[in-house]
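Hi,

Here is the structure I said I'd pass along. Have a look, and my notes on what turned up are below.

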Amino acid sequence: MKKVLLLTFLVVAACVVPAVQAQQPPQLETGYQLPPKVIVDILDAPPPPTAIVSPARDVVALLDRVSMPRIADLAEPMLRLGGSRINPRTNGPHNPRTVIGITLKKIADGTETKTVLPAGTRLGPPSFSPDGKWLSFLVYRSNGIELWMADTATAQAKAVTSATINGLGGCSWLQDSSAQLCHFILTSRSPAPAQPAVPTGPRVQESLGKAAPAATYQDLLTSAHDESLYEYYFTSQLAIVTPAGAKTPIGKPAIFAQASMSPDGQFVLVARTKRPFSRLIPASEFPQDLEIWNRKGDVVRKIGEQPLGEGVPIGGVAIGPRSLEWQATQPNTVVWAEALDNGNPRNKVPARDKVLTLKAPFTGEPSEMAKTEFRFNDVAWTEKGLAMLRESDRATRMTRTWLIDAPGAAPRKLWERKQQDRYADPGMPMYRPGRDYVLQSGDAIYLAGAGASPQGDRPFLDRLNLKTLTTERLFQTDDKSYETVTTLLDDEAKQVLTRWETKTDVPNYYVRDLGTGARRALTQLKDPAPQLMGLRKQLVTYDRKDGVTLSATVYLPPDYKPGTKLPFVLWAYPAEFTDAATASQVSGSANRFTTISGASQLLFLTQGYGVMDNPTMPIIGPGETANDTYVEQLVASAEAAIDKIVDMGVADRDRIGVAGHSYGAFMTANLLAHSRLFRAGAARSGAYNRTLTPFGFQNEERTFWEVPEVYSKMSPFWFAHTIEDPILLIHGEADNNSGTFPIQSERFYMALKGNGKTVRYVTLPLEAHGYASRESNLHVLSEWITWFDTYVKNAKPRQ
């Protein structure tokens, strides 16, 4: 027997059928590849900073980021426990999104001060104290996580703890800005439980006759050793930490699924995770004790328990208290919801949920705030104590918002619309910066929305009178730009901070006077990708053969010559709707600046392709029936999209490829399985055999056993023998998305290869559902371009 040692950074496989021998596919490679230099330069450019506004509304923090982490960062140790990925070296999340620099910029005059940090520091997302005097952030060290705070007046920063923060819980500000509530690693903790050198026995699961349908979650606990590791890393000691570094412990250590301080700072609302754990569902659905503690850690009231989530009906909720939170405008009142239908949406009941409140000293019975006909979603509070309660209904896809003026008052209906009706979306209430309640000025609150319309999105700001329920439009983007209101700079909305952009102007922040219309630039950010300057962009609409109106954004490269018919890439993601009117609504705006990050399909524009971006692919049907005709509607939408770009005179019908990620990859495989509309496809991190997700997927809630014919017809794996055009499969080896296990691509590749199809299969080490590292993203683009150049741009005419 020969022993073979195979060392690879990238697993790649390919198969070519005799019919296309003249078109040789890319060769198998053993390392990471680079796309053309223009693409490397675009992705290596530092991205523009993100911005957060101080609650005092006097300072903006500009946060510098790296374009992409390196594969070495992803190679840091990782444990997969209860649905989470953690780095055991830091006791924090694995591969956290980090900030590398902070600049404090005064809104009044634009002056800037850089926060001085140690070289090479990686920071977690910063947060301002509610009074705006402090900016706190976690600092990731090689051996742990520290809490730092910066004085916003001087930009001077300092560590206020050693590397003892449990990054799986983090820190949050008290409402009086005096301190933060933090999760700490236990000081007396021994070394982590060691993996047994020899198995101690088999792993066993069993079911004793109780139905327990569940999605196909990833990163679950799989053994007794996993359970020990979960307890070890997720157990925390709560403590209050002041900006001076004084630390006061609260209560006993526990695994805290939730820990939040009351607005008056006197109580802690906690959810303590307890055994039995599950190997079927993530930790968020493990049993929990729901309690109120005082600052000493004594339990002053047990609200109830969250039971183990195994057995919760599909689309249902757990029985008992859920969605616990403090009422933001009261010193110490807890609010939560409880199901009245046993958590089962199929049960016929007059009310689905009740909403309860309980205030200190927490000795009496809870008060009923409301009953909801639909499923309770959430409640927002205005700073004068009015409740905005939202409920929604899966069966009808309706959502309603009620206004409750005071305890015991009859609810007033504020809004009711279909959940996907973007044209009727009233916008989202604007919160007071740094607070958990909606800003209210007199009788009015403010609403900011996308402003969806048949002409595209035109963001707006409205003032809503809570007594009369009438609205006044204070601002709306014109038809040549795209401008969103990010922050009200005063309670009367005389001045606002906006983010303004056009097709050709980089997004920047402005101070806008709503009375005069004048605006002043606060930032002067530059174009990170000048290589794409001059690209052409158009929002188009067109009709499917059944009359449904579709829309898409069509991009042409900067050097496009009118009359040229280009090879095209169609990049899409299907969505389900219950009616044609909602499905026909236009999505997007042609006035937005084109920004690039990661392995973007828009980088095909640098290689002489046109791109049809986000052509709507609606799958329509009443109730739960949309997917009954998934394939027919999908193909019809693709036909209409191709007809549109061909009729525009910009696309060569015989040189069009299709690509997508996740459900878009699923779409890509189905289009190749059920049509010959495209010369080739590229599918990233998809699921191709729906029998492996038998308890539902995407928005499908019927099980495989209820509608086996739907699952089979929608599974391109079942039709691998019918695929005649080349397909590129790419998948992260550490995919963490429910339903898209890497085995989906592995088995689909085997089916295609076994049937003699043209297919290339690339797996990306250490990558999750979305690809993070520089090496992987650049390699994906190299694969894409080589594949499409071979089978689309330079494809020989069909016989």
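**What turned up**

Searching the whole structure, which is a predicted model, gives 1 cavity of 30 Å³ or more. The space in the largest cavity comes to about 70 Å³. If you want to find the spot in your viewer, select D73, E76, N87, T90, P93, H94, N95, P96, R122 and Y140, which line the largest cavity. Sorted by class, that lining has 3 nonpolar, 4 polar and 3 charged residues.

Next, the backbone. As background, most peptide bonds are trans, and most residues other than glycine have a negative phi. Here are the spots worth a look on that score.

- R275 and P276 are joined by a cis peptide bond with omega of about 5°. P276 sits in the loop between β18 (267–273) and β19 (288–294).
- A360 to P361 is also a cis peptide bond, with omega near 15°. You'll find P361 in the loop between β23 (353–359) and β24 (367–372).
- F362 has a positive phi, near 65°, and is not a glycine. The loop between β23 and β24 holds F362 too.
- L469 has a positive phi as well, near 60°, again in a residue other than glycine. Its place is the loop between β32 (460–465) and β33 (471–476).

L469, with a relative accessible area of 29%, is partly exposed.

Cheers

How values were computed: Residues numbered from 1 in each chain as written. Predicted model: local features only at pLDDT ≥ 70, side-chain atom pairs only at ≥ 80, totals over all residues. Heavy atoms only, no water. 1 Å grid on protein atoms, 1.4 Å probe; cavity = no way out; pocket = protein on both sides within 12 Å on 5 of 7 lines; lining within 4 Å. Points joined across faces, edges and corners; volume = space filled by probe spheres on them. Nonpolar A, V, L, I, M, F, W, Y, C, P; charged D, E, K, R; others polar. Helix = DSSP H or I, 4+ residues; strand = E, 2+ residues; numbered from the N terminus. Buried < 20%, exposed > 50% of the residue type's maximum accessible area, 1.4 Å probe, protein only.
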